[in-house]
Amino acid sequence: MSDHELYDILEVSRGASDGDIRRAYHRLAKAYHPDKNPGADGEDKFKSIQSAYEILSDPQKRDLYDRYGMDAFKDGMGDSGLDGFPGMFFGGGGGGGDIFSHFFEGGLFGGQSRRQRKSEPLMFPLEVTLEELYNGETKSVEYKKKSLCKPCRGSGSKSGQSTTCRKCRGSGIQVIHKPIGPNMLQQIRAQCTDCGGTGDFVKTKDRCTKCKGQRMYEEDITLEVPVSPGMRHGQKLPFRGKGDEMPEMEAGDVIVVIQETDHVTFNRQGIDLFVDKEIELVDALCGFTIYIEHLDGRKLALQHPPGQVIFPGCVRGIQGEGMPRFRHPDIKGNLYVKFNVKFPEDNFADEKTLTLIENLLPTKINSLNIDDEVEEVQLHEYDATKGVINSHDDDDEDMDGSGHPGMRCAQQ
């Protein structure tokens, strides 16, 4: 079995994320379940999907598979328990029976093999507009990374030769003893300060003129990042091997984090979009046609028939005009429009016109006759900072008619 076959079974790329692998497994397991595909072929397909997922869903097993293919799982090499002992001691898939290598480079003592070591990932935020998340776009991320020196091929020397570091004896690790109390020492393992953790040392006269014997140099990189329709704020895009390169280590990854910027018109919630529109009172009562320019430049004509009243704060929805679903851009959410009704200013019409309007509207129910048993009061404008605004002089603006302070908004 090739080192790509398990990925082919799950129909994902080798660089697929854990979430991509999980979603692919659920989709294929449902499609090829024996209940839906009776027969030997259907059952074999379903078993191969399960086997592929069992390996690729486990980070440790996936790492073994990426480096060694299915040979890593022969004779128990891929197992984590005692089943791995036969291969470890007798050469069954354990790297030629190299017992000491297995002990000290990631075997029984839980250490990490040097060839398993990987540079730390680099993480960069990427600001993306809502239009770009709706339509899709290719963005660029510029950053600096450490690259292995090309003239010396990462050796750090002109001749390509180096000597074993005397301080760490080639291990790249130095042991430091730190006193923590009377007759007590703490043993700390740290990177060797002489060789920088490489285990090798380059003589001064033989050092590479470009990297000065450091084996690496800083390089400016421009990374093209495809932004797919429907991506979300905070979504992480991994780029394997695009990070720092270190001697005798696997190149690190670059992780780009989507940062969605605020939009002046639309507010996104999942795959739905929300927008506020202000209409006049006459529109709310008599119908209207208004336009909304969408994120892809289309103009949507919103029509509402006369007679169907729009109330302040009323929400209406447009199906299928929201954000596209990630990886399924043909499936879209909804667009919701919240209407704010703008009322006319004071004294917008004379008494005759108001009478005409009153005759057109439903009959009043809040106009009662005032008799002797009812006390008549007047309504005044209210300001949250000043209380009730009345017709008193400016000097008495904080006093009501009886000499007491006017009504105030309660402080929150």
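1. Ground rules. Because this is a predicted model, local features need pLDDT of at least 70 and side-chain atom pairs count only at pLDDT 80 or more, while totals for chains, interfaces and linings use all residues. Residues are numbered from 1 along each chain as its sequence is written, and side-chain values use heavy atoms, with hydrogens and water left out.

2. Overall make-up. The protein chain has 9 helices and 19 strands; these are DSSP runs numbered from the N terminus, with helices (H or I) of at least four residues and strands (E) of at least two. Of its 412 residues, 28% are buried (buried is under 20% relative accessible area, exposed over 50%, partly exposed in between, with a 1.4 Å probe and protein chains only).

3. Surface and contacts. The chain exposes about 28200 Å², and 49% of that comes from carbon and sulfur atoms (Shrake-Rupley method with a 1.4 Å probe; for residues, only the protein chains shown count as cover). Among contacts with a separation of 6 or more, 57% are between residues 24 or more positions apart; a contact means heavy atoms within 4.5 Å.

4. The largest nonpolar core. This core holds 37 residues, where a nonpolar core is a set of buried Ala, Val, Leu, Ile, Met, Phe, Trp, Tyr and Cys residues joined through side-chain atoms within 4.5 Å. Those with the most contacts inside the core include Leu-126, Val-225 and Val-256. Leaving aside residues up to four places away in sequence, Val-256 touches several partners, among them Phe-124, Leu-126, Val-225 and Phe-239. Apart from this core lies another, of 17 residues, including Val-12, Ile-21, Ile-49 and Leu-56. In soluble globular proteins, nonpolar side chains tend to be buried together.

5. A buried alanine. Ala-52 is part of helix α3 (residues 40–56) and counts as buried because its relative accessibility is 0%. Beyond residues up to four places away in sequence, Ala-52 touches Leu-6, Ile-9 and Leu-10. Ala-52 and Leu-6 are 46 residues apart along the chain, with 5.1 Å between their C-alpha atoms.

6. The second largest pocket. About 910 Å³ of space lies in this pocket, and 30 residues line it; Ser-17, Asp-20, Arg-23, Phe-326 and Arg-327 lie nearest its centre. Two or more lining residues come from each of α2 (18–31), β8 (236–239) and β15 (324–325), and α2 gives the most, with 6. For the terms: on a 1 Å grid over the protein atoms alone, a pocket is an open set of points where a 1.4 Å probe fits, with protein on both sides within 12 Å along at least five of seven lines, and lining residues have an atom within 4 Å of a point. Grid points are joined across faces, edges and corners, and the volume is the space filled by probe spheres set on them.

7. The lining residues of the second largest pocket divide into 11 nonpolar, 8 polar and 11 charged. Here Ala, Val, Leu, Ile, Met, Phe, Trp, Tyr, Cys and Pro are nonpolar, Asp, Glu, Lys and Arg are charged, and the others, Gly among them, are polar.

8. Loop residues worth a look. Lys-212 sits in the loop between β6 (200–201) and β7 (216–227); it is not a glycine, yet has a positive phi of about 60°. With a relative accessible area of 54%, Lys-212 is exposed. Asn-347, in the loop between β17 (335–342) and α9 (351–360), has a positive phi near 55° and is exposed at 78% relative accessibility.
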